[in-house]
Every structure is written in structure tokens, then in C-alpha cells.
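Subject: A structure for you to explore

Hi there,

Here is the structure I promised to pass on to you. Have a look at it first, and then read my notes below with the model open beside you.

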Amino acid sequence: MANQPQSLSMNPPFGGPSASASTGAAAAAAAAQVNNKDRKLASAEQLVLELCNPDLRENALLDLSKKREIFQDLAPLLWNSFGTVAALLQEIVSIYPVLSPPNLTAAASNRVCNALALLQCVASHPDTRTLFLNAHIPLYLYPFLNTTSKTRPFEYLRLTSLGVIGALVKVDDTEVISFLLSTEIIPLCLRTMEMGSELSKTVATFIVQKILLDDIGLHYICATAERFFAVGRVLGTMVASLAEQPSSRLLKHIIRCYLRLSDNPRACEALRNCLPDMLRDPTTFSACLREDPTTKRWLQQLIHNVSGGSRVAALQAGAGLDHMLANQTRVI
């Protein structure tokens, strides 16, 4: 061994000190990660406990709403902790008296919106979504969507409430759509689509779009003339306003709603007469569509559908505008 080259005799044996050091560093990093996770969980648990203390609730709401993205499984923790959901609902119902006449302050709006942000977390989690629906929690938000004041506190309140409903429909789930259709969500969304800010209009239109994309939702809206024309009238009004104040994001959802409506033979036949001319005009929204090939393709398919691509199917179904008007038996 004494005659071996120095470079060989001084090399550490395989699995020697250098490998041990590497293994030790990895173990230390893993332990630190576990400790960090444990600290976050302990912090989340403490804040959730503080929600049940009226004196500590406001700060707990603020901290949890800010950190909800970094707390894993916060939704099950919120739902299964004693008294927590009741505390969140108490925050919501406590501002009902200032909705009409409208007297909502910015501070009160921010506080209840922090509570709504936590409910959105519960609504979006797969382990708590169904429980959230079965408890009919969305109904507590509907008074907020029914407000008409355009002040900033009310607009923020409507937008955050829509975010909770949007979290529900984001995951394609027929159970969610069926629940929402059993409530007044369609007229409430249509109201926001008419009078809300651009962002609120966008979220409300997204909700209507997701309802339409479900077969149950499409059938529901196209089942009577009143429902179809209520949706069509609001979409048409929005198209007219977008011609003056363009919004590519909002236009995308509107066109997708129209395209989905055209999948129904009766609705497609009716759209021949009520589809806004501005959508047929290739120049009106050319600037908005230039950078959005998907929406442009949707619009082309929509125009194809209402221009005759589905006419045979519509006539075979006994569809058409006159047929729909003759069956005005129910309202939204």
C-alpha cells in the first residue's frame, strides 16, 4: 500500500466522510422542513382557535385570509374546528342591517370579506366542498349579491362573494350546478353583469358560463323563453357596452356563453334573430381578438352555428323563436 500513488492512498473509502456529510445535510434539511411545517400548522391552529374569541377574531380573520395559501389543509381545519364556521357566519349576518339602506363602511366591508375569503377556501377544497353545499352556506351570501350600491365597500363585498361561488363552479361538478340552479344564482349573476364593475361582471359571467357548460345548466336556461331571453338580453347589453369600453377578458366569457347556447337547437334558432350585430361585424372587436386565437375561433364557430350550421337540427327539433315564445310557462 505504501507504493500506491498518493492520489489513491489519500482518497476516502466509498461511503466515507464525504458521503456521510451529504447524508447528514439532507437529513437536517428534511428535519428543518418538517419543523417549519409543524410551526405553520401550529400557527394556523392558534389563529383558528382565536376566531371563536370575539376580542381576537378581527386580527385572526386578517392573518388567516392573508396566509391561507401557505396553510395546507386549512379548509378541513376550519370546517372541523368547533364553532369556527358559526363564527364566520356570524361575521356575515352581522352586516345584513347595513345593506339596506346602504351604510356599509370600508372597515366593515374589509372584515366580512376576510371571512368570505376563508369560506372560499372551504368551498374550493375537495374534502369540504360537498359539506359546504349540504349546509347551504352559499345562501348566506345572496343578500350581498342583491345589493345595488356602487360604492367601493359594496363592490368589494359583491366581488368577494362572487369569488366564493366562482370557486364552487371552477371544478366541473354537476352536484354544484344542480345546487346553484335550485337557488336564485342566475338572476343574481345577471344583476351583477348589468351593474357591476368590470371585474365583478367578469366573475359573474364566468359563473353563468360554467353553469351553461354543464348539460343540466344548458337545459335549465333553455327550457323556457323567459330564462333564455333574460340571459340573452343581458349578454346583448354587455356586448354593446364593450363596443365602447373594450375588455378582452370579459368578451371571452360572453362569447363562450353565446357559443354554448348555440349548442341547444332551440336557442340556436332564437340566436339567429337576437345575436348582436356587433359580434357578426368582423371589425368591431378585432383589436380584442387579435391576441386571442381561442376566443376568435369561438366567435367564428358561433357565427357558423347561427348562420345555418345547426339549422337542420333546430328545425327537426321543432325549435325556433316562435316555438320558444309559445312555451313561456316558467320564469327564472
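Let me start with something to look up: in which loop does histidine 136 lie? Histidine 136 sits in the loop between α7 (129–134) and α8 (142–145). We will come back to this residue further down.

Before that, a word on what you are looking at. This is a predicted model, in which local features need pLDDT of at least 70 and side-chain atom pairs count only at pLDDT 80 or more, while totals for chains, interfaces and linings use all residues. Residues are numbered from 1 along each chain as its sequence is written, and side-chain values use heavy atoms, with hydrogens and water left out.

The overall picture

The protein chain has 21 helices and zero strands. Helices (H or I, at least four residues) and strands (E, at least two) are DSSP runs, numbered from the N terminus. Of the 332 residues in the chain, 46% are buried. Buried means under 20% relative accessible area, exposed means over 50%, and partly exposed is in between (1.4 Å probe, protein chains only).

The accessible surface of the chain comes to about 17,000 Å², and 54% of it belongs to carbon and sulfur atoms. These areas come from the Shrake-Rupley method with a 1.4 Å probe, and for residues only the protein chains shown count as cover. Among contacts (heavy atoms within 4.5 Å) with a separation of 6 or more, 76% are between residues 24 or more positions apart.

The nonpolar core

In soluble globular proteins, nonpolar side chains tend to be buried together. Here, the largest nonpolar core has 91 residues. Such a core is a set of buried Ala, Val, Leu, Ile, Met, Phe, Trp, Tyr and Cys residues joined through side-chain atoms within 4.5 Å. Which members touch the most others? They are Phe132, Leu157, Ile185, Ile207, Tyr258, Leu261 and Leu279. Helix α6 (residues 106–124) gives the most to this core, with nine residues.

Take leucine 157 as an example. Leaving aside neighbours within four places in sequence, leucine 157 is in contact with Ile95, Leu99, Leu104, Ser109, Val112, Cys113, Leu116 and Phe144.

Leucine 118 is found in helix α6, and it counts as buried because its relative accessibility is 0%. Beyond neighbours within four places in sequence, its contacts are Leu51, Leu61, Leu64, Ser65, Leu74, Leu78 and Leu88. Leucine 118 and valine 85 are 33 residues apart in sequence, and their C-alpha atoms are 9.5 Å apart in space.

Helices to look at

Why is helix α5 (residues 84–93) described as largely enclosed by the rest of the structure? Seven of its 10 residues are buried, so the description follows from that. The buried ones are Thr84, Val85, Ala87, Leu88, Leu89, Glu91 and Ile92.

Next, find helix α10 (residues 174–181) and helix α13 (residues 215–222), whose axes come within 9 Å and cross at roughly 25°. The axes are lines fitted to C-alpha atoms, for helices over the stretch in contact, with angles running from 0 to 180 degrees between N-to-C directions. α10 and α13 are therefore roughly parallel to each other, a term used for angles under 35 degrees. In this pair, Thr174, Ile177, Ser178 and Leu181 of α10 meet Ile216, Gly217 and Tyr220 of α13.

Valine 234 lies in helix α14 (residues 225–244) and is buried, with a relative accessible area of 1%. Not counting residues up to four places away in sequence, valine 234 touches Leu190, Met193 and Glu194.

Loops worth a visit

Back to histidine 136: it has a positive phi of about 60° although it is not a glycine, and it is partly exposed, with a relative accessible area of 41%. Aspartate 73 has a positive phi as well, near 60°. Aspartate 73 is in the loop between α3 (57–67) and α4 (74–80) and is exposed, with a relative accessible area of 52%.

Finally, look for the cis peptide bond that joins serine 100 and proline 101, where omega is about -5°. Proline 101 lies in the loop between α5 and α6.

Enjoy exploring, and write back with any questions!

Best wishes

Definitions and conventions
Angles under 35 degrees count as roughly parallel, over 145 as roughly antiparallel, 65 to 115 as roughly perpendicular and the rest as oblique.
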